[in-house]
Amino acid sequence: MSSAENKKRCMAMVLLMVGLFGLVIAQDQFLYGTFPKGFLWGAATASYQIEGGWNENGKGENIWDRMVHAYDGGIKDNSTGDVAADSYHKYMDDVAALKETGVNFYRFSLSWSRILPTGRIDQINQDGIDYYNKLINALLDKNISPMITLYHWDLPQPLEDIGGWLNEEVVDIFGAYANLSYSSFGDRVKSWITFNEPLVQSHLGYGLGIFAPRVKGSGKTDYIAAHNQIKAHARAWRIYDADYRATQNGEVGITFNCAWDEPKTQNPEDIEAAERALQFELGWFAHPIFSANGDYPPIMKEYIASRSAKEGYNMSRLPEFGQTWVNYIKGTHDFFGLNHYTSRLIYRVKGGNETSYENDQDLASSSDPSWPSSASSWLKVVPWGFRKLVNWIHKEYNGVRLIVTENGFSDHGQIKDDDRAKYYTSYINELMKAINLDGCNIFGYTAWSIIDNFEWSSGYTEKFGLYSINFTDPRRPRSRKFSAEVYSNIIANNGFPASSTNNMTMYPFKIQFPSKQHNLHDHL
Ligand code: GAL
């Protein structure tokens, strides 16, 4: 090679490196600015993870009660949600923490079996209705809007005894429960989420058998459980639309979980695999409800049908809705709820021989070793993935109105949780870029979680709270963590205005701890 050519090559390399470096800087650069006026800030919990009072005052057994009480309960620290954060008794402490944080709304879920011990409306437990009335009224009293999730994975056990989400009968039973919830609380509750993360309920609960009700049968039963939950969502939305919207004037949406799936290489096969991963994870549930044509994503139908045929099935393992149901489900939304925590690197591999949801996708995932970790093996800190994901959703579902219904970070529960503070700062900053720079239609953000709680099969080994709870103290005292102070500042400033630098106790690149920790109980 001539020295001129060599020089040219070197130049090109340098330019490429500068370009790549520029990209990285742009991704990680901090943006000063504020969220649109009226942007909503919230924090979330779920009934089984916080309430306790598992068999008190007429509450029926649910599938998590059954699972954790089994001889081999499948929980990492052998713990249960029998008492959890004891929010059944201590809900006023939660309200105080929310107030202190300055949120506009509180997202919590109803325990179906606290209201309907058998799951069905022929036996209403008035104590359950009273409990949620007290919570809702206490929130409103403090100017915090309630946002209710109807189903956050705690199916009444008597419904599991007839097959749970594998039984289509549960679609109507869920509709009746939704109806009762609207009629009991809808005069004051204006924001409803039918299902939280139906993928996790379907795949982990009815596929891998890691979560309640621990049914195994991935590649078959998870698809059926999902199918019935999608139908049940549509049923609940249509009941609200027909019978409550005019008088109650609220909104009904659904919440999906999704990681950002970044192609591991620029190889077209990996780029396609990453797109396919998003369709299998998010499109599985969002396409039937939010896309113009409804039904499952075409790529998912194609991949599962083709593998099913090779396995000797005479029809696809992915159930079919049929045109009547496609039309019934399509468009049943007032907003798109997104739970987002992390990102993955995706590459194409040929799916293994065993029948499973994973093998149906012909792909695998890994993470970049440079991504900071958390207490949860699956949760790596990748703020820029958040911006990419909400942009993808914006494009895919035609500028849909989106609210982030969960985002958060796990550690081991320390009060000086600077990693969580950094996580919130950087993720919320990326969300602001998606709104202010990219034009995404996002109207609110929710931190997971206001308090430490029972983290499903990880028990109490991973903590997500803005407030810590001493789980060995029967009084379950709540203490404010550093991250709560940081989040509170972001809310008070509606983002990160340049002028706020002085009055914020933290800042993105230099985090200082407040000199005095304080305990919420000091304020009660
Ligand atoms: C979500 C779930 C929450 C919470 C969180 C942290 O998937 O909806 O209940 O556990 O993850 O893992």
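Start by selecting helix α16, residues 418-436: this helix lies across β2 (40-44), β11 and β12, and runs at about 170 degrees to β12. Helices (H or I, at least four residues) and strands (E, at least two) are DSSP runs numbered from the N terminus. Axes are lines fitted to C-alpha atoms, for helices over the stretch in contact, and angles run from 0 to 180 degrees between N-to-C directions. Contact means heavy atoms within 4.5 Å.

You're looking at a predicted model, where local features need pLDDT of at least 70 and side-chain atom pairs count only at pLDDT 80 or more, while totals for chains, interfaces and linings use all residues. Residues are numbered from 1 along each chain as its sequence is written, and side-chain values use heavy atoms, with hydrogens and water left out.

**Stop 1: the barrel**

Eight strands close into a barrel with parallel pairing, in the order β2-β3-β4-β5-β6-β8-β11-β12; two strands pair if DSSP finds at least two bridges between them. Neighbouring strands of this sheet are turned by 25 degrees against each other on average, direction ignored.

Zoom in on β11 (residues 402-406) and β12 (residues 442-448): these strands run parallel and are joined by three bridges. Click Ile403 and look across to β12, where Gly444 is its bridge partner.

Next, pick helix α9, residues 198-206. Helix α9 packs on the sheet and touches β4 (145-151), β5 (191-196) and β6 (251-257), with its direction at about 45 degrees to that of β6.

**Stop 2: the ligand**

Which residues are closest to the ligand? Select Gln49, His152, Glu197, Glu406 and Glu455, the closest of the 13 residues that surround the ligand (near here means a heavy atom within 4 Å). The shell divides into six nonpolar, four polar and three charged residues. In this count, Ala, Val, Leu, Ile, Met, Phe, Trp, Tyr, Cys and Pro are nonpolar, Asp, Glu, Lys and Arg are charged, and the others, Gly among them, are polar.

On its own the ligand exposes 300 Å², and the protein buries 93% of that (accessible areas come from the Shrake-Rupley method with a 1.4 Å probe).

**Stop 3: the open sheet**

Move on to β7, β9 and β10, which form an open three-stranded sheet in the order β7-β9-β10, with mixed pairing. At the edges are β7 (260-263) and β10 (363-366), each pairing on one side only. Neighbouring strands here are turned by 40 degrees against each other on average, direction ignored.

β7 pairs with β9 (residues 343-348) in the parallel sense over four bridges, and Pro263 stands opposite Ile346 in β9. Helix α12 (residues 268-290) lies across β7, β9 and β10 at about 125 degrees to β9. Helix α15 (residues 383-396) also packs on the sheet, touching β7 and β9, with its direction at about 100 degrees to that of β7.

**Stop 4**

Most residues other than glycine have a negative phi, and most peptide bonds are trans. Select Trp448 and Ser449: the peptide bond between them is cis, with omega near 15 degrees. Ser449 sits in the loop between β12 and β13 (467-469). The bond from Ala212 to Pro213 is cis too, with omega near 5 degrees, and Pro213 is in the loop between α9 and α10 (221-243). Finish at Asn57, where phi is positive, near 45 degrees.
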